[in-house]
Amino acid sequence: MKAETPRDLALKALNRLTRSPAFSSSVLDLLFRANRDLDDRDRAFVSHLVQGVLRWRLRLDWIIGQAAHFPLRKIEPPVLDILRLALYQVFFLDRVPESAAVNEAVKQARAGYPDHIASFVNGLLRTICRHKENVAYPNRGTDPIRYLSVYYSYPVWLVEKWISELGADTAEALLEAGNQTPSLVVRVNHLKTGRCALVKRLAEEGLVVRPTPYSPLGVVVEGLRGRVDQLRAFQEGLFQVQDEAAQIAAFFLSPLPGSTVLDLCAGFGGKTSHLAEMMNNQGRVVALDTNRDKLVSLAANAKRLGIQIIHPAVADATSDVSALFRSRFERVLVDAPCSGLGVLSRHPDGKWTRDKEGIKGLALLQSAVLHRAAGVLKKGGSMLYVTCTISREENEGVVEGFLKAHPAMVLENLKEQAPSWAAELIDEKGFLRTLPYLHRMDGFFAALFTKPSRSTVS
């Protein structure tokens, strides 16, 4: 039996995502588990192809539609994925010859379809290649929304949303930034090493590294050819993979050694471990999540990092979590599920799996989690609300609704406590707000609440 090529595996992943939209990272993980003999270079190529097609899918579909002269719905989805995969290589990968991309696409069509489908794929792709310098996009002057949607490959509703909330120029800068391939960023585990020592250590492992411009614990890693978990420094627990924006957000909860901390939506625990490290591994961090598998990974990761104070627990943060605990917490982190519109450069599938109605539902979920969080916060304690999205409903809207429902809670102005390196990341309303086009990191939002010592809030 002929071995599947990286392009074949990329097509398999795209077909699955077309049939059942999901996180591409999960689909790729399953794919790589089933193909363990795939070397690091091929794994990277497969990931790059899948992410690239997802990132530019709408523009690719526009190009196909212009050449086909009939609606895309008449092209079978798996065939459409063959065309998208080939055209991504033609338009975005300089090192792949056009002939190779086209020939491989024709082979893929012949492997599963009649000859006339392979001929259609061949003819369409070669026509596009001949005229690729003359692709006509929607008219920017007469239909600016459609132009921005097609050219930058975003759904119309999201282009309209960002223009209405941020203005046309900022929205376009955000669209462009969201299409950039992000760098790998890691957080130093200061329980085991320092940033300078980690930079030196990673350089010894053959990587090009540099400190992050804002977070004092961040390191940008370039030139990684294999998996990050194969690095000796990773295996020794010297760092945690975490974008700079996520690192910065946790600083504002500022738990002290010996504190009691609750992470209500812990997930895989990137921020959970950061909080434990900030506490010098002294105190107690309870990590809640509904997903047991994520908590198992969190526990294993904590062990790798040398952290003993994290206590995972399966629970639903929208339920009455106060009934689970006999005492209240000095610090509570609410990193609630969100639309992820601030991390589209890392998860481009989010462009196509989110919609306006879904965002409204997420805002209700976030509000419910915040309400429950207030009930487990000790008087005099602090609660940090964090999202990785750029969406007023999920950010300011949730904060405003929470304050109306909990008038005794105090919204802190982060400008008054931000360290000098973070001062420019605080907006005029006192929120942490990082923007991909401006700060070259993920788009995050954070608001800090405190419960006064004489609060009547339960």
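The accessible surface of this protein chain comes to about 21000 Å². Of that surface, 51% belongs to carbon and sulfur atoms. These areas come from the Shrake-Rupley method with a 1.4 Å probe, and for residues only the protein chains shown count as cover.

A word on the source. This is a predicted model, so local features need pLDDT of at least 70 and side-chain atom pairs count only at pLDDT 80 or more, while totals for chains, interfaces and linings use all residues. Residues are numbered from 1 along each chain as its sequence is written, and side-chain values use heavy atoms, with hydrogens and water left out.

Now the overall build. The chain has 19 helices and 12 strands. Helices (H or I, at least four residues) and strands (E, at least two) are DSSP runs, numbered from the N terminus. The radius of gyration is 24 Å, close to the 23 Å that the globule rule gives for 458 residues, so the chain is as compact as a globular protein of that length. That radius is taken over C-alpha atoms, and the globule rule is 2.2 Å times the number of residues to the power 0.38. The C-alpha atoms fill a box of roughly 75 × 50 × 40 Å, taken along the principal axes.

What share of the 458 residues is buried? Buried residues make up 52%. Buried means under 20% relative accessible area, exposed means over 50%, and partly exposed is in between (1.4 Å probe, protein chains only). Next, contacts, meaning heavy atoms within 4.5 Å. Among contacts between residues at least 6 apart in sequence, 72% join residues at least 24 apart.

Let's zoom in on helix 5. Helix 5 is mostly covered, with 12 of its 16 residues buried. Among them are Leu80, Asp81, Arg84 and Tyr88. What do the buried residues of helix 5 pack against? Their partners are helix 1 (6–19), helix 3 (40–55), helix 4 (57–68), helix 6 (98–112) and helix 7 (115–130).

Asp81 and Arg84 also belong to a network of salt bridges, together with Asp61. A salt bridge here is a side-chain nitrogen of Lys or Arg within 4 Å of a carboxyl oxygen of Asp or Glu. Side chains of opposite charge can pair when their charged atoms come close. How many salt bridges does this rule give? The count is 22.

Three pairs, quickly. Take Asp29 and Arg33, with closest N and O atoms 2.9 Å apart. Both lie in helix 2 (residues 24–34), 4 residues apart, about one turn of the helix. Asp29 is partly exposed at 33% relative accessible area, and Arg33 is partly exposed at 49%.

Next, Glu393 and Lys161, with closest N and O atoms 2.4 Å apart. This pair links distant parts of the chain, 232 residues apart. Glu393 sits in the loop between strand 9 (377–387) and helix 18 (396–405), and Lys161 in helix 9 (residues 156–166). Glu393 is partly exposed at 31%, whereas Lys161 is buried at 9%.

Last, Arg187 and Glu277, with closest N and O atoms 2.9 Å apart. Arg187 is in strand 1 (residues 184–188) and Glu277 in helix 14 (residues 270–278), 90 residues apart. Are the two partners buried or exposed? Arg187 is buried at 0%, and Glu277 is buried at 0%.
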